[in-house]
Amino acid sequence: MLVLTRKKGQVIQIGKDIEIHVVSIEGDQIKIGIAAPREVVVLRKELIEEVRKSNQEAVTHQINLDQLKSVKKN
Amino acid sequence: MTLLNSDFFFQGSILGFENLDKFTLRSISNTAFYQLNSVEDPNIQFVLVHPFDWLSNYELNLNDNTLERIDLSNAEDAMVMNIVTLKEPFSSSTVNYMAPLIMNVKNGLATQYVIQDTRQYSSRAPLITNDIVKGGDAHVSTD
């Protein structure tokens, strides 16, 4: 992994069209601005992992119709 | 709008299933549930619900990237659904309100959208809340 040292207000450019801006630094928190093309999905990694895990757990092999019929929507 | 046997193209956006694109959506008759089956991998099947059936105040703001990804310009063309995780006992089943599936019924393009504000909706909210049993307003606890 490439490790760079940057100061507040400085920018890292990735490829032609992705920019990472160091917006502010407070204690152990860094505020980062990201400018990227629309087709690039930018998400916090832990959110991606949470949703991926939830999706994988949700794969259903058998549907118990009686159970589903027993639930009335609100 | 027909829900029976509609094909949607998720373009690898269902996290954990990035290799899958085409899914078929069907309503499960006589229930409030839908099933979403992968065309490419018959082992992959999800159970879905309409969020508004369970949370009348569910809301989300789609960003431009998402709108563009499914070429959505008209809000009426969007269908929103959430993945259910069926569990034993059934009453402990959960709904992923954090990452809804957004489907454009006009062109069949679809995507899973992750709501960035984690305080808003849980990825594992109870499907059946006490309030539903009591017949009151539904709500989701955020964890």
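**Entry 1: a residue at the chain boundary**

I began with Glu18(B), which at 39% relative accessibility counts as partly exposed (buried is under 20% relative accessible area, exposed over 50%, and partly exposed in between, with a 1.4 Å probe and protein chains only). I note that this is a predicted model, in which local features need pLDDT of at least 70 and side-chain atom pairs count only at pLDDT 80 or more, while totals for chains, interfaces and linings use all residues. Residues are numbered from 1 along each chain as its sequence is written, chains are lettered from A in the order in which they are written, and side-chain values use heavy atoms, with hydrogens and water left out.

I then looked up the partner of Glu18(B) and found a salt bridge with Arg52(A), the closest N and O atoms being 2.9 Å apart (a salt bridge is a side-chain nitrogen of Lys or Arg within 4 Å of a carboxyl oxygen of Asp or Glu). Arg52(A) is itself partly exposed, with a relative accessible area of 23%. I also recorded that Glu49(A), Arg52(A) and Glu18(B) are linked in a network of salt bridges.

**Entry 2: salt bridges in the whole structure**

In chain B, Arg119(B) and Asp117(B) meet through their side chains in a salt bridge of 3.0 Å, N to O; Arg119(B) is exposed at 67% relative accessible area, whereas Asp117(B) is partly exposed at 30%.

**Entry 3: the interface**

I next asked how many residues each chain gives to the contact. Chain A gives 32 residues and chain B gives 45, where contact means heavy atoms within 4.5 Å. Between them the chains bury about 3,300 Å², 55% of it on carbon and sulfur atoms (buried area is the accessible area, with a 1.4 Å probe, that two parts lose on being put together, summed over both).

Two salt bridges are counted between chain A and chain B. On the side of chain A that touches chain B, α1 (45–58) and α2 (65–70) of chain A each supply at least two residues, and α1(A) gives the most, with 11 residues.

**Entry 4: inside chain B**

Chain B has three helices and nine strands, and buried residues make up 54% of its 143 residues. The largest nonpolar core has 24 residues, and those with the most contacts inside it include Phe33(B), Trp54(B) and Leu127(B) (a nonpolar core is a set of buried Ala, Val, Leu, Ile, Met, Phe, Trp, Tyr and Cys residues joined through side-chain atoms within 4.5 Å). β4 (45–49) and β5 (78–85) of chain B each supply at least two residues of this core. Another core, of 20 residues, lies apart from it, with Leu20(B) and Met81(B) among them.

Last, I checked Thr94(B), which is found in strand β6 (residues 94–95) of chain B and counts as buried at 7% relative accessibility. Leaving aside neighbours within four places in sequence, Thr94(B) is in contact with residues including Ile83(B), Lys87(B), Arg124(B) and Leu127(B).

Key
Helices (H or I, at least four residues) and strands (E, at least two) are DSSP runs, numbered from the N terminus.
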